[in-house]
Structure formats: C-alpha cells, structure tokens
Amino acid sequence: MVRFSVTEARDKLSELCNRVSYQGERIVLDRRGKAVAVLISLEDLEVLERAEDAADLQSAREAVAESETEGTVSLDDLREELGL
C-alpha cells in the first residue's frame, strides 16, 4: 500500500481517486506519521461490506440456535440480574 500525508492527499485528491478507482491501489493516509484513513475502490468496499454482512448473518444464526437450546431471558429478569 502506498502512503500519503493528509496534506499531500488533499493536494492530489483527484489523482489519488483515479489511482484507487482505475488501478485498484489502496492508499493509506497519515497524519503526523500515524495512519488515520484509507482510500479504497468502491469494489473493495462492496467486498468488505458483503463479508461484514455474512459475519453478521452467521452471528444471528448462532444466536437463534443458542436461544433454541438454552432458552431466553425476559427483559425484566435481565434488568433485575444486572441491577438496572
């Protein structure tokens, strides 16, 4: 991955967008030597979002399966258990 300071990226934003969009580069933006953001293509973002959605769906399936085997707790009981 290529790195640019935020200041330099601001001056070259159009060029960096083209590099990300057309060449598939991933660009790390640094502020005071520390990475603070990344420029990625829309395609990369869509892949990340699909992976995130798949992980969320798997977690939901696991929660449903757990509730079927271990039962559920009412909101009132949970509040009491947590002292709320």
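The legends below describe several views of one predicted model.

In this model, local features need pLDDT of at least 70 and side-chain atom pairs count only at pLDDT 80 or more, while totals for chains, interfaces and linings use all residues. Residues are numbered from 1 along each chain as its sequence is written, and side-chain values use heavy atoms, with hydrogens and water left out.

View 1. Helices (H or I, at least four residues) and strands (E, at least two) are DSSP runs, numbered from the N terminus. Their order along the sequence is β-α-α-β-β-α-α. The C-alpha trace spans about 55 × 30 × 15 Å along its principal axes. The radius of gyration of the chain is 22 Å, whereas a compact globule of 84 residues would have a value near 12 Å; the radius is taken over C-alpha atoms, and the globule rule is 2.2 Å times the number of residues to the power 0.38. Of the 84 residues, 14% are buried, where buried means under 20% relative accessible area, exposed over 50%, and partly exposed in between (1.4 Å probe, protein chains only). The chain exposes about 7,000 Å², of which carbon and sulfur atoms supply 51%; accessible areas come from the Shrake-Rupley method with a 1.4 Å probe, and for residues only the protein chains shown count as cover. A contact means heavy atoms within 4.5 Å. Among contacts between residues at least 6 apart in sequence, 31% join residues at least 24 apart.

**View 2. The largest nonpolar core, made up of 6 residues.** The members are F4, A9, L16, V20, I27 and L29. Helix α2 (13-23) and strand β2 (27-31) are the elements that give two or more residues to this core. A nonpolar core is a set of buried Ala, Val, Leu, Ile, Met, Phe, Trp, Tyr and Cys residues joined through side-chain atoms within 4.5 Å. In soluble globular proteins, nonpolar side chains tend to be buried together. When neighbours within four places in sequence are left aside, V20 is in contact with E25, I27, L39, I40 and S41.

**View 3. The salt bridge between R3 and D30.** The closest N and O atoms of R3 and D30 are 2.9 Å apart. R3 belongs to strand β1 (residues 2-5) and D30 to strand β2, so that the pair, 27 residues apart, links distant parts of the chain. R3 counts as partly exposed at 48% relative accessibility, whereas D30 is buried at 14%. A salt bridge is a side-chain nitrogen of Lys or Arg within 4 Å of a carboxyl oxygen of Asp or Glu, and the structure holds 6 of them.

**View 4. The salt bridge between K12 and E8.** The N to O distance between the two side chains is 3.2 Å. K12 is partly exposed, with 31% relative accessibility. E8 is also partly exposed, with a relative accessible area of 31%.

**View 5. D44 and its polar contact with R26.** D44 lies in helix α3 (residues 42-70) and is buried, with a relative accessible area of 18%. The side chains of D44 and R26 make the contact at 2.8 Å. A polar contact is a pair of N or O atoms within 3.5 Å; within protein, one must be able to donate a hydrogen and the other to accept it, and residues adjacent in sequence count only if both atoms are side-chain atoms.

**View 6. R32 in the loop between β2 and β3 (34-39).** R32 has a positive phi of about 55 degrees although it is not a glycine. Most residues other than glycine have a negative phi. R32 is exposed, with a relative accessible area of 82%.

**View 7. Helix α4 (75-82) and G83 in the segment after it.** Of the 8 residues of α4, the number buried is 0, so the helix lies largely in the open. The side chains of R79 and D76 meet in a salt bridge of 3.9 Å, N to O. R79 and D76 are separated by about one helical turn because they are 3 residues apart in helix α4. R79 is partly exposed at 40% relative accessible area, and D76 is exposed at 56%. Elsewhere, salt bridges that share partners join E15, R19 and E25 into one network. Just after α4, G83 takes a positive phi of about 70 degrees. G83 is exposed, with a relative accessible area of 65%. The C-alpha atoms of G83 and R50 are separated by 38 Å, the two residues being 33 apart along the chain.
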